[in-house]
Amino acid sequence: MPAVNSVLVVGGGLAGAATAIHLAQAGVAVDLVEIKPDVAALGSGITLQGNALRELRTLGVWDQVQAAGYAFDVTGIRAPDPHGTVVAEIPDAKTGGPDLPAAMGMPRPELARILVDRATEVGAKVRFGTTHTALGQDADGVDVTFSDGSTGRYDVVVGADGVRSWTRRALGVDLETRSVGMGIWRAFGPRPASVTRTDLYYGGPSYIAGYCPTGEDSLYAYIVEDAQDRSALTPEEQLATMKELSRAYHGPWDEIRETLTDPSRVNYTWFETHVLDEPWNRGRVVLIGDAAHTCPPTIAQGGAMALEDAVVLAELLVERPALDQDLWDAFTARRHRRAKTVVDASNQLAQWQLDHVQGDIPSMMRSIAQLTSQPA
Ligand SMILES: Cc1cc2nc3c(=O)[nH]c(=O)nc-3n(C[C@H](O)[C@H](O)[C@H](O)COP(=O)(O)OP(=O)(O)OC[C@H]3O[C@@H](n4cnc5c(N)ncnc54)[C@H](O)[C@@H]3O)c2cc1C
């Protein structure tokens, strides 16, 4: 008998959708509410490392992910010179195991659609454009009021509602999310034939310029600069700013720049970070994914950590006979240190660049690869 019969998952991102799939597959009654109106509203492109792919395989969606994404096993390092000279080609660690690619680019809306479809297929009830407006718990359950006026009672509520988690606020959990000091321009567009893997250009007028293929026909490109207030720019000005910054970068960037024509596919956001101290639950409500820990995407591990939180939480909720503090302690014991190690490493990489310091990146990447190669 699982420790729970009914679970509300708040948020349909990686953490929420994966939790819903694992629990519904195990026979738990799952409701998932996502505040956005549909899956197409769920972002641009994402790089999934091997350990994220391993989790996607356990969710039963590997075939669809493989068909929709673009796999690669090497990351290129290029110079910010007039030719975009390749200065290194670094084999990526296969953290998901030898039978999975080291990394894969995916359009985020496509990944979201695959996961939400799978959640529905295995029996989770998914509602878009909905959130909770009140949570109240007693010793036996959590009473929830939804924004459409409906109500429900659940054994557990999972707050997987991202970095600004509404559920975290509803619990009164005080967590400072701080800016790392960098901002990132991202654009989604067509993939030129010359782009077959992620290439990173360090230095030049920006900290990093890079791109990642996300499918046969698509990629996302990005440029990381000092965090600044870009909110007054119109979409057209945002596009022009990103194009202007990209002019220092060549090789495939020369082709990518020409295809950056759609202002609606450009976005700007700051790198932010936080890690919630243990425990991650308050009574029967638990926070996972970015709601509990978030980091700059300098090693592209945030998505993997969110998927790992989901599998560990679901495993404990399904396999433990009772929902008690032992269960919650076991959850954070397995997740807190691992997620914090990843967040700290991601922040350190950003800080080295902000300080213009040549840190020991290879050794850090080796130790993160060792950690993430181990099952969650
Ligand atoms: C610029 C940038 C680039 C990144 N690139 C990568 C990358 O390449 N690879 C990688 O692994 N990670 C990357 N990350 C990190 C990654 O995006 C996150 O770690 C991951 O998405 C976390 O998943 P999540 O499900 O916890 O949160 P989210 O993906 O944020 O999902 C939360 C969901 O909850 C919904 N929601 C919010 N509030 C409510 C509410 N009140 N009610 C209901 N639903 C709600 C949101 O709409 C959203 O769908 C990047 C992050 C940033 C900022």
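Student: Which residues are linked with R78 and E89 in a network of salt bridges?

Tutor: This is a predicted model, in which local features need pLDDT of at least 70 and side-chain atom pairs count only at pLDDT 80 or more, while totals for chains, interfaces and linings use all residues. Residues are numbered from 1 along each chain as its sequence is written, and side-chain values use heavy atoms, with hydrogens and water left out. A salt bridge is a side-chain nitrogen of Lys or Arg within 4 Å of a carboxyl oxygen of Asp or Glu. The residues linked in a network with R78 and E89 are R197 and D199.

Student: How far apart are the closest N and O atoms of R197 and D199?

Tutor: Both R197 and D199 are buried, a word that stands for under 20% relative accessible area, with exposed meaning over 50% and partly exposed in between (1.4 Å probe, protein chains only). In the salt bridge of R197 with D199, the closest N and O atoms are separated by 2.7 Å.

Student: How many salt bridges does the structure hold?

Tutor: Another pair is D73 with K94, whose closest N and O atoms are 4.0 Å apart. The total for the structure is 22.
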